[in-house]
Amino acid sequence: MQSLTNISLKTIVIKQVKWKAKLYISALSSLVIVQIIFGILTFGSGSGSSGSGQGSLNVQFSNYSLDMILIISAIWAFIVALLFTTKAHRIDDLSVISSRTSSAIANIFVIIIYSFFAVIIMISTYYLQALGIALAEKNSLVIDNLFISPSILILCFSSICLFGAMGLLLGTIFKGPAVIKIFVSMFILLGLILIFMSPGSINLLPIIMLSNLMISVLYLFVAVLCFSLTIRIADKSEVSRK
Amino acid sequence: MTTTFFLFFIPLLFIAAIVLLLGKLSKKIKIWTPKRIIIGITSYIVLGLIAFLYISFFSESKIPLLSFSKIKQLEIKLDQIQKYDQEDDSSYLTEEYKKKTWDLKYEGNTLPVVINEGDSGSSINFRVRYNDNIESGKALVTYYQFPVIVEGIDLSDEVPLPNVYVAQNQLFIEALSKQQINYYRINATLGILDMNREIEHKPYAMFYSNVIVIDIPRSTVLEDSQGLF
């Protein structure tokens, strides 16, 4: 990086975070729109349904939990993070003083900030959907648990953050050295084959059975790992900037 | 494999399309300034907060959920009922479970019984009791409804009563057709975690076959062609 004045990496990153958070704000509006669409699509059925037949009764439960909204938010975080590393977004980086490393660090902070807002948007969507159900189905409404526990909120944040980190890492890898590109492509391909050919071979039950906070810590640990790798790869590919 | 594809890739592609489209539009359409987007998002969050406050203060569920201890108590009670029933001890047929009594009249000393449960899926146990206090030509049919618990909700009141009447000097007991009930459950948690964690601890559903007791005078012969008594 060439500059007439000596600016520290911290200053550059702060400037970039401010710049990017404002520039990519449409990503958050897309999350709102996506959640509204999925909220309408799942209005009648909720996140899932369960049924039971007892004697002369057929009971059907439409469950409104955070599952679907969280999945949507996580996919959104992955796509947005992936798009952050695309060429169109890298051109935006030229508007402020940047290097690959500083840009990657700034992207990480933006993803963390956006993950936090995504959780708030997620909660809003959930309560708006719940309100719709409460008004439309007054007589069949069962309020099991209205308050979202802090541990669930942390878990949602860490999940969104993790998917964002994975998107960022994947995007950065495909801009990095060819060896890593080939290695990761093979790894993803084998992973996908394994998932689709024998879904039963992946057992997530031991993770699910952990406490919410433990799962959050695990997710955040993996996210930090992904972020570190992102910075490392970005740093390595600094010289091959196009 | 097809399900996984639809569950994962369709939302993925759909979200990607929306994100890309909005990204392009926000650059082209100048009315979508960052300031306006922030105002829009803030308004959405405020709306969510208002929705939460409204549900908290004004929206009350008319369907009570039984606590875990209450479910456990009922489970013990139902076990006792089963035990009494197996020992032909009718002391479990208390006023607490009595739902309805039909006072019926017939002629003569024989009363043929026709039971039609149809496709209702109901499981009713029939019991006959000779009652010296009932005058000749009269029968009392009493329906006992036991707790029906599904996912913490007592559905006893939702079970349709059978249709009981005397026609052509025959006692007809007909169960109504199967009833469909839909509930909309708000549970602000992650269902996938709860489902796996609580499956071993929470009784999912429990019920005991309802009972119909036919009280007749000792002089009456109840004709049961279906072999239900």
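Chain B is divided into two parts, domain 1, which spans residues 2-58, and domain 2, which spans residues 68-223. In this predicted model, the centres of domain 1 of chain B and domain 2 of chain B, taken over C-alpha atoms, are separated by 50 Å.

The contact between the two chains involves 65 residues of chain B and 64 residues of chain A. On the side of chain B that touches chain A, two or more residues are contributed by each of α1 (2-28), α2 (34-58), β5 (148-150), β9 (179-187), α4 (191-198) and β10 (205-207) of chain B. Of these elements, α2(B) provides the largest share, with 14 residues. By residue class, the side of chain B that touches chain A consists of 40 nonpolar, 19 polar and six charged residues.

Helix α2(B) has 25 residues, and the distance from its first C-alpha to its last is 35 Å, close to the 36 Å expected at 1.5 Å a residue. The buried residues of this helix are B:I37, B:Y44, B:G48, B:A51, B:F52 and B:I55. An α-helix has 3.6 residues a turn, so residues three or four places apart point the same way.

Strand β2 (residues 57-64) of chain A pairs with β9(B) in the parallel sense, and eight bridges are found between them. Within this pairing, A:N58 has B:Q180 of β9(B) as its bridge partner, while A:V59 stands opposite B:I181 in the β9 strand of chain B. Because six of the eight residues of β2(A) are buried, this strand is largely enclosed by the rest of the structure.

Chain B also contains an open sheet of four strands, in the order β7-β8-β2-β12, in which the pairing is mixed. The edge strands of this sheet are β7 (163-167) and β12 (221-224) of chain B, each of which pairs on one side only. Neighbouring strands of the sheet are turned against each other by 25° on average, direction ignored. Strand β2 (residues 110-116) of chain B runs parallel to β12(B) and is joined to it by four bridges; in this pairing B:L111 stands opposite B:L222 of β12(B), and B:P112 has B:E223 as its bridge partner in β12(B). Strand β2(B) is also paired with β8 (residues 170-174) of chain B, in the parallel sense and over four bridges, and here B:V114 stands opposite B:F172 in β8(B).

Strands β5(B) and β6(B) run antiparallel and are joined by two bridges, with B:I149 standing opposite B:D154 in β6(B). Two strands of this sheet, β5 and β10 of chain B, are also among the elements that give two or more residues to the side of chain B that touches chain A.

Notes
Residues numbered from 1 in each chain as written. Chains lettered and ligands numbered in written order. Predicted model: local features only at pLDDT ≥ 70, side-chain atom pairs only at ≥ 80, totals over all residues. Contact = placed C-beta atoms within 7 Å. Nonpolar A, V, L, I, M, F, W, Y, C, P; charged D, E, K, R; others polar. Pairing = 2+ DSSP bridges. Axes fitted to C-alpha atoms, helices over the stretch in contact; angles between N-to-C directions. Domains from an automatic or database assignment. Expected span 1.5 Å × (residues − 1). Buried ≥ 20, exposed ≤ 12 C-beta atoms within 10 Å, placed from the backbone.
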